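Hi there,

Here is the structure I promised to pass on to you.

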Amino acid sequence: MKSKNKVQSINRQMAGIYITIIALTIVAPLIINFCFLGYFYQHEKEEAMISTFDLVNRAAVAGSFDDEEFLDELEKAHANYSISVVVVDSAANVLLTTAHDTEDMNSQLYYAMFGKQMQGSSGAERSGDNYVIKQQMDHRLGEEYLVLWGTLDNGNIIMLRSAIEGIRESTNLTNRFLIWIGILALTLSILATFFLTRRITKPILALTDLSKRMIGLDFQAKYHSQKKRNEVDVLGEHMNELSETLEETIVELKQANHELQADIALKEENQKRQQEFISNVSHELKTPIALIQGYAEGLAEGITDDEESREFYCDVIIDEAKKMNRMVLSMISLNQIETGNNEMEYDHFDIVALLEGMIQSMKILLQQNDISLSFAHDQEIFVYADEYSVEQVVSNYLSNAIHYAKNEKKIDIKLTKKEHVLRVSVFNTGDPIPQDSMEHIWDKFYKVDKARTREYGGTGIGLSIVKAIMESMGQEYGVQNHENGVEFWFEVEC
């Protein structure tokens, strides 16, 4: 609604300007015509009378009043300019006349010759060497005349007369005609002005609306050319190009900003991880360092002379040092995976062979803990993944299964193929994971049973490494409680 009112306001303003200019163009000539047309007509009449005087004078000198060509010219002057002519000699005999009322013409000539001007004479208007032009009123007829009288070169007297009323009627008729023409021209101009202003302002307002939408970063708006290839259409096409350029630039800036924000977020995340890493390392290494320090000081101070006690002290120191070494190596590995510094090398390999090799290497550990492991698969299955990373995941799952196996002490490894992925699951009998711990077991240094973890030397990082590896490969992983145990699983592409 606001835009429509603005369009109407601009149209009215432009129409007002155009109409004013057109009105001045029409009215000014009318005013000039009213003021000066009468004088112009009279001047032209006087010039015609002087020309006629010269025509008659030449004929009088040549004695050719009866000449056909002369009479034709005289008749034209009479017809075109309503000029009546009378020529008399010194005895008042009429030698030449075009007037119907010769007596009235002679009367006027008589008064002019003997200086008895008719009542109402306005005096001389113009004069020459042999003539005088006067404006006189004929009260008998009630008309005013423009009169020229004078002496021809042969001594004859001449008088020319033309009614001024004819000049006024011509002037009034012309003025009335011009007024009607002016009114018609003004009406047509007003209609044309409103039509043209609408055509002119419509594309301009379209450009105004386009610029407003561009200010609001709406670059979907486009100027639709009228296909006339005028300056406004060219400007509209340039604004369309500007809109497209700005849109592309802003998209690029937004993309660059998103990338910058991502870089900042990654940097902040890395800093956070480094802080957590240092904090966790400090916390986790505190206990083994304290134990090593305590037992080392005991040995140095000679607390016991018993050989068996000294061996126990040394075994504790060595065991805690090994735990520290495993913890540091695990945290370094986890940190490399999380920060993306651990480059994975994807390849096709037989996962059945990998699992059989790992089971063989853990055979002694399984026997020591009296655990039975089942894995029955007699054909090759090739997967596409980083072999070392898969080995780390399986190793962590098997280590957890061995250390937490209870009751029947069984571990079962299964391979389940579904579509384009292979699910590897490691199940061990034992206590289920508490429900409130299920979502935290993948967190760094989280331990469901801290005493049990400490007992077998766990670091609480193994499952965090599994999480980091699987997320970096973009594959699924998880854990599920069963009635008689826990199952950990992960998937790889096959």
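This is a predicted model: local features need pLDDT of at least 70, side-chain atom pairs count only at pLDDT 80 or more; totals for chains, interfaces and linings use all residues.

Residues are numbered from 1 along each chain as its sequence is written, and side-chain values use heavy atoms, without hydrogens and water.

Start with α9 (387-404) and α11 (residues 462-473). Helices here are DSSP runs of H or I with at least four residues, strands are runs of E with at least two, and both are numbered from the N terminus. The axes of α9 and α11 come within 9 Å and cross at roughly 150 degrees. The two helices are therefore roughly antiparallel (an angle over 145 degrees). On α9, the contact (heavy atoms within 4.5 Å) involves S389, Q392, V393, N396, Y397 and N400. Their partners on α11 are G462, L463, I465, V466, I469 and M470.

K409 is not a glycine, yet its phi is positive, near 55 degrees. K409 is partly exposed, at 29% relative accessible area (between the 20% under which a residue is buried and the 50% over which it is exposed, with a 1.4 Å probe and protein chains only).

E419 sits in the loop between β10 and β11 (421-429). E419 also has a positive phi, about 55 degrees, without being a glycine, and its 76% relative accessibility makes it exposed.

Enjoy exploring!

Notes: Axes are lines fitted to C-alpha atoms, for helices over the stretch in contact, and angles run from 0 to 180 degrees between N-to-C directions. Angles under 35 degrees count as roughly parallel, over 145 as roughly antiparallel, 65 to 115 as roughly perpendicular and the rest as oblique.
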